[in-house]
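Morning, everyone. Please look at the screen while I walk through a few parts.

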Amino acid sequence: MDFLVSWIANTPGFAAPYALAALGLIVSERAGVLSLGAEGFMLVGAVIGVGMILSFGMPPLPAMVAAMVAAALVSTLFAALVVWLKINQVIAGLVMVFFCQGATSLIGSQYGWTNRPFTGLPKIELGPLANVPVLGPILAAQDVVIYATPAIFLGVVYVLFRTHTGLRLRAVGESPEAADAAGIDVSGVRFLSVMAGASLIGLAGAYISVGSAKIWVEDMTSGRGWIAVALVIFARWSPWRALAGAILFGAIEALVPKLAAAGVRLPQYLMLMTPYLATLGVMIWIAAARRGAAPDEPGALGVPHVREERR
């Protein structure tokens with residue numbers, strides 16, 4: 001029972017980066033911009049969150065807000081490439097990943113942030129609830145980001161599906177020509193959607209460094225941005241399915257150290273491969289289940305909009 005409770009209690013901490021990154025990708029891709037640069041934006045959030053604490057003495061929460069802003073600012077380069085210059089979105093996304101990997105490694109080493117532990121985001125114990133058997137460690141001893149994640153999802157879902165702003169965003173992603181004919185600034189909506197999505201992805205990266213690891217090391221996101229890309233496809237661009245998928249992947253990743261601590265002898269590298277094997281399995285299952293079905297992605301995902309081509 002202790003093993004099970006500990007595993008479930010640790011799952012939200014592993015699931016939160018996947019959930020927030022996937023939500024950021026959904027915001028961007030619902031507007032028609034394929035954002036493969038998630039891994040890079042997560043690294044930017046991770047390094048800036050640490051840097052704000054180590055160099056400027058910021059508390060963890062303001063440092064994470066700064067990380068969101070930094071990721072959004074870096075994403076303006078990607079947005080300029082794909083929205084204004086109409087560069088292939090796959091190529092631009094890959095370029096952003098490599099650019100951010102190099103830039104964050106340089107910044108982290110240049111300012112001496114690498115391998116310096118610090119006091120990160122504390123757990124919030126909700127009074128007597130934290131002492132309740134079984135449910136206490138699971139529900140009442142998490143950090144503020146874990147508690148805020150469902151509220152963030154509620155807010156984004158409300159904006160996407162219950163407001164005029166969300167309707168405009170989804171219209172741009174489905175048919176930019178029709179949106180343009182209706183007087184919507186397609187480029188402006190896409191540009192801002194990329195920035196908004198990148199800020200959530202940056203928060204995911206900052207949570208890894210400030211909330212979980214409490215240290216910065218090079219490439220510490222370890223492919224989680226790519227898993228988030230697969231998670232969005234798994235969720236078929238639905239925020240709530242993405243949250244459920246994030247919990248699934250978080251549970252798988254949380255299980256690895258628990259098995260090792262319990263003395264289960266399994267090959268180290270096989271254990272490290274587990275989240276990625278799960279990703280491959282999910283993608284194969286989706287491909288088989290959706291064979292012959294209508295596509296779920298936004299109609300204009302990855303397609304640049306050139307106004308002169310409007311008929």
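At what angle do the axes of helix α1 and helix α10 cross? They cross at roughly 60 degrees, and the axes come within 9 Å. Here α1 is residues 2–30 and α10 is residues 224–235. Axes are lines fitted to C-alpha atoms, for helices over the stretch in contact, with angles from 0 to 180 degrees between N-to-C directions. Helices are DSSP runs (H or I, at least four residues), numbered from the N terminus.

Two housekeeping points. This is a predicted model: local features need pLDDT of at least 70, side-chain atom pairs count only at pLDDT 80 or more, and totals for chains, interfaces and linings use all residues. Residues are numbered from 1 along each chain as its sequence is written, and side-chain values use heavy atoms, without hydrogens and water.

Which residues of α1 make the contact? Among them are Tyr18, Leu25 and Glu29. From α10 come residues including Arg224, Ile227 and Val232. Contact means heavy atoms within 4.5 Å.

Next, tyrosine 147. This residue lies in helix α6, residues 144–162. Leaving aside neighbours within four places in sequence, tyrosine 147 is in contact with residues including Ile124, Leu126 and Gln142. Alanine 16 is 131 residues away in sequence, yet 9.9 Å away in space, C-alpha to C-alpha.

Last, tryptophan 216. Sequence neighbours within four places aside, its contacts include Leu43, Trp113 and Asn115.

Note on methods:
Helix = DSSP H or I, 4+ residues; strand = E, 2+ residues; numbered from the N terminus.
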